[in-house]
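Reader: I am new to this structure. Please show it to me, and then I will ask my questions.

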Amino acid sequence: MKVGEQHFRTIWLHPTNERVVQLIDQRFLPHRFVVEEVSTVEQMAETIRQMHVRGAGLIGASAGYGMYLAAIEAGRTGSISAKEFDARLIGAADRLKATRPTAVNLAWAIERVLAGLAVKQTLAVQEKVKRARKMGSRSIS
Amino acid sequence: MDYGSALAPVYAAHDRGLSVHVWVDETRPRSQGSKLTAWELGQHGVRHTIIADGAGGHLMQQGAVDLVMVGSDRTTRAGDVANKIGTYLKALAAKDNNIPFYVALPSSSFDWAIRDGSEIPIEERGAEELKRAEGWRNGRMWEVSVAPESSPAANYGFDVTPRRLVTGLITERGVCKADEKSILELFPERAS
C-alpha cells in the first residue's frame, strides 16, 4: 500500500532477525502507522483473529508466515525428530485454520507451506527448516 | 497482497488516467471501509466518498453508480461468492437497477472442492464488535458502548452472493463469467 509517497508491503520478515515477522497493524489506521512484531504462531493466530490484518490475500500471507514461525521455532528445539516436527507443524496449521473459517485463502496458504516443507514426507528436520527459511525470505505471498 | 484484490482494478484504472470515483461503504462493525479503504484510496489519490452501509441501493436508484465491485473470501467452483456481510444486499440492489456487479479475487480464494455457496461456513464473531465502537481522540484509541448492555447481538461476518447475481469475476488470469464452465476455461487445470 502507498503511505505518503512510499510504497509499503503489508507484511514482511524482519531484516535481521529471522524469528520475527513484521506487519502493519491495520487496527490503528488511518490515525497511526503501527508496525507489529510477531514471533510465535500463537501470536499470529491472535493477529489474524483480532483483524490486525484484513483482506483475503493478506490473511493468507499472514497464515503462511505463521507456519514459517512455527517451523523456525520447532527447528530450534535440539534433536527434534522429523515426526515431532511434523506434529508441531500440523498443530500450528489447525490453530491458524480455526481463526477465520470462511476465508479459504488461509487454508490454501497453510497447505502450501505444509507441502513445501514436506510435512508427512520423509525428509531430515534440518532440510525442512532450510526450506522454511527459503520460503520466509522470498515471502510467501 | 500489498493492495486488496478488490481495489487493485480501481488503482489500475486510476493509474491509466480514467477518472474514477468510489463510493466507500463504511463496512460495519469494524469499519474497515471508512478506516482502511478510504485511507488507502486517499493515499493513492483516488476520489472517493464514505457512505453508510445501507446507502448503496439509494445511490444506484439515483443513477450515481456505474459499477459495483467487491472482494471475496471464498468463491465456489461454480461462482457463488462469500464476502463481507452485506455484499448480497448490494448484489440484489445492483440487479434491480441493471448495474454490473463484479467480484475481484485472487485465484487462491477459489474453493475448488465445492459448488454450492450454502456449503461455505459463515464465521460468527463476538457480539462486542457490534455493541462497542472504537475511535481515535486526543492521541489514543477509545472504546465506547453503542448499544444496550442487556441486548443480545448476532455478528455474522460474511454472506453468500449467488452466481446469478454476479456479472463477472476478475482474477489475475483475466475476467470470466460466474459459472463453472467459464471459470474452468480460465483455470483448465481444475477441470475434473
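Reader: Into which domains is chain B divided?

Author: This is a predicted model: local features need pLDDT of at least 70, side-chain atom pairs count only at pLDDT 80 or more, and totals for chains, interfaces and linings use all residues. Residues are numbered from 1 along each chain as its sequence is written, with chains lettered from A and ligands numbered from 1 in the order written. Domain bounds come from an automatic or database domain assignment. That gives chain B domain 1 (8-122 + 157-190) and domain 2 (124-156).

Reader: How many residues of domain 1 of chain B are in contact with domain 2 of chain B?

Author: Two residues are in contact if their C-beta atoms, placed from the backbone, lie within 7 Å. Domain 2 of chain B supplies six residues, and domain 1 of chain B supplies seven.

Reader: What separates the centres of the two domains of chain B?

Author: The centres are taken over C-alpha atoms. Between domain 1 and domain 2 of chain B, the separation is 26 Å.

Reader: In what order do the four strands of the open sheet in chain B stand?

Author: Strands (E, at least two residues) and helices (H or I, at least four) are DSSP runs, numbered from the N terminus. Two strands pair if DSSP finds at least two bridges between them. In this sheet the pairing is mixed, and the order is 3-6-13-14.

Reader: Which are the edge strands of that sheet?

Author: Each edge strand pairs on one side only. In chain B they are strand 3 (68-70) and strand 14 (174-176).

Reader: Which residue does I170(B) stand opposite?

Author: Strand 13 (residues 168-171) of chain B runs antiparallel to strand 14 of chain B, joined by three bridges. In strand 14 of chain B, the residue opposite I170(B) is V175(B).
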